[in-house]
Amino acid sequence: MGQLLILVASVTTGCKADSLGTEIDGERVPVIDMHLHTGEWDSVGFASQEFIAGNLPFPINLNPEKSGNQILAPEGIVDELDKAGVSRGVLLAVYAPRTVGVTTNEQVIDNVAQFPDRLWGLASVRVDRWNDDREPQLAALREALESPGIIGVKLAHPHMHFRMDDSAYYGIYEVAGELAKPVYLHTGTSPFPGTSPEPPYTDPRYLEDAIQSFPETIFILGHLGFDAANKRHAGLAACVDLASTYPNVYLEASALGSKNSDPTGEILREGFVAIREAGVVDRLIYGSDGPQSPGFVNDYLNRTLIALDSAGYDLNEQRAVLAGNFARVFGVEVPKL
Amino acid sequence: MTFWWLLSVGLLLVENPTAEAETSATPEPVTADESGHGDRDNPRTRFLESAPFDLAGGGARPGRWGVELSGGWPWSRLRAQVGLAHGLTPLLEFETALGRRFRPAIGLGLRWVDRPHVRLTGEVLLGWLFVPVPELKKRGPQGELRIRLAFPVRRVAPYLTLGTRHTLLTDRLTIERATGPEVSRSYRHNWTGWATVGLVVAITEHVGIDLGIDYPWVDAPTLPIPGFHGGLMFGGFGRRR
């Protein structure tokens, strides 16, 4: 029955792409997905478990632990990348024990090591006992960032419950800048219960002080400040302003364009239009926030391609968004097809 | 599935020796039941009033009963019905999906169209949805409106079932405040659509098998994966015609 389940899931979620890359105007273009979650079911937190289970098709969702472990495992993620034609993906470590759970740096390092030609990782840092263990945590972050395949830092203020403008945490940006590792930050509200929805945790304007204070550190503003709780743009203008003003600010538009958040595709298109009109297309990096459920990575890429096209992005601009900007920011090569 | 279709066709072409024996043992040869549909000497109509076809098309004549036990992926189900006066047919159902989603229900059916080769029945059910899986936990009262359409011909009855299920779910939010816990409740509606297409084969007037494909739209808007089932139907034993 397990094999049947996998077969049925494959039929309903699409088959493996013929080759890597996606076709735009008759040309194959490489894709890097910079926002993928990994981990083990028991450690990802109950809110995340509910979220994943809620996105799985019935009746697979009746056994979410088994399905979730398959989806979150590196093999499952690479399988989803294959189906979508995505050349490389980036796995994120998470330390949010009170909300979305924990995926340790060690897990990410191990998972990346299993597919070094397909996966990179972003390390994170525990901040819930920051007053007591700031230095050991920063040392652990530094060590993780020096591991093979770990190319940046992931932070999520609303999940981790620390203010974006709290200078007590600026040591994280300092370490990242020193090691030339970009920092990805969740901006906007979160759909998960128990997160901090107030502006100092979600509004990207609260990052401006850190952005100014650490000009050598790259700040990637994830989700374009999207208000995931109410499914509307909230921080888009702030994100675009910051990217226009500061050369060390980049943007990423994962999750907000999903079927659930953006059924018509207009929200994602609006975001891309605003970025193009501001002349900061060279700052936009592609990410999906997958794998979430079988087929999500592929679906999100397709929705993004539609939105980019309808927002007027030409082939070169789409190439830049899908892989070129990422390669430049993270100092890696654009995948060869 | 091809095998079962071939079996169905094969059964159409042969006489059922068991049914013949029953016929010859009947002290008073009766060729038609009270509906006029079930002429036992006519192979085209002898199973029209059989218990399996009652279960396929829904509804039953007074005193007639039927039970179906079905299993498959992901649904398993027990269904029982008995006919009362005025065409009313009380129902009892218990269904589960993989032993992780349950719904016991009681209901009432009424056959709207009762022609020899067309049965259309409306059913109303009230039940209780119970999903104990922690990540999907939900429970609440559920109502269902369902129609069953069947086309009995000789030994087989292709059928279609369409249903709309509505569940009232309660969300309880507890906030632990310094002054003590604060509990609030909110309510939401959960919809499940249902479609089944299948084929019932009457082995005798009292026993039949059911094969079908289920497409319940559970947890909309996420698209579900279709399922299938096979069932054993029986009923009407001891009934004299």
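Colleague: Before we start, what kind of model is this?
Modeller: This is a predicted model.

Colleague: Good to know. Which strands form the open sheet in chain A, and in what order?
Modeller: The sheet has 8 strands, in the order 3-4-7-8-9-10-11-12, and the pairing is parallel. Strand 3 and strand 12 of chain A are the edge strands, each pairing on one side only.

Colleague: Let's look inside the sheet, then. How many bridges join strand 8 to strand 9 of chain A?
Modeller: Strands 8 and 9 of chain A run parallel and are joined by 3 bridges. One pair to look at is A:L155, whose bridge partner in strand 9 is A:L185.

Colleague: And what about strand 9 and strand 10 of chain A, how many bridges there?
Modeller: There are 4 bridges between strand 9 (residues 183-186) and strand 10 of chain A, again with the strands running parallel. A:V183 sits opposite A:F219 of strand 10. On strand 10's pairing with strand 11 (residues 249-252) of chain A, 4 bridges join the two, also parallel, and A:I220 has A:Y250 as its bridge partner in strand 11.

Colleague: Which way do the residues of strand 10 of chain A point, and are they buried or exposed?
Modeller: A:F219 and A:L221 point one way, A:I220 and A:G222 point the other way, and all are buried.

Colleague: Nice. What do strand 10, helix 11 and strand 11 of chain A make together?
Modeller: They make a right-handed β-α-β unit, with helix 11 covering residues 236-245.

Colleague: Changing topic: helix 14 of chain A. How many residues has it, and how far does it reach?
Modeller: Helix 14 of chain A has 16 residues and reaches 22 Å from its first C-alpha to its last, close to the 22 Å expected at 1.5 Å a residue. Even so, helix 14 bends by about 55 degrees at A:V321. Just after the helix, A:G331 takes a positive phi of about 65 degrees.

Colleague: Which residues of helix 14 of chain A are buried?
Modeller: Among them are A:A320, A:V321, A:L322, A:F326 and A:F330. The cover over the buried residues includes strand 3 (32-37), strand 8 (150-155) and helix 13 (296-310) of chain A.

Colleague: And A:G324, why does that count as partly exposed?
Modeller: A:G324 counts as partly exposed because it has 19 C-beta neighbours inside 10 Å, whereas a buried residue needs 20 or more. A:G324 lies in helix 14 and touches A:R319 and A:V334, leaving aside residues up to four places away in sequence. A:G324 and A:V334 are 10 residues apart along the chain, with their C-alpha atoms separated by 6.2 Å.

Colleague: How about A:A139, buried or exposed?
Modeller: A:A139 is exposed, because 12 other C-beta atoms lie within 10 Å. You'll find A:A139 in helix 6 (residues 130-145) of chain A.

Colleague: Last topic: how many residues of chain A are in contact with chain B?
Modeller: 14 residues of chain A are in contact with 15 residues of chain B. Helix 1 (2-13) and helix 2 (46-55) of chain A each supply at least two residues of that side of chain A. Helix 2 gives the largest share, 4 residues. By type, the chain A side divides into 9 nonpolar, 4 polar and 1 charged.

How values were computed: Residues numbered from 1 in each chain as written. Chains lettered and ligands numbered in written order. Predicted model: local features only at pLDDT ≥ 70, side-chain atom pairs only at ≥ 80, totals over all residues. Pairing = 2+ DSSP bridges. Right-handed = clockwise from strand over helix to strand, strands pointing away. Contact = placed C-beta atoms within 7 Å. Nonpolar A, V, L, I, M, F, W, Y, C, P; charged D, E, K, R; others polar. Expected span 1.5 Å × (residues − 1). Bend = angle between axes of the 7 residues up to and from the residue.
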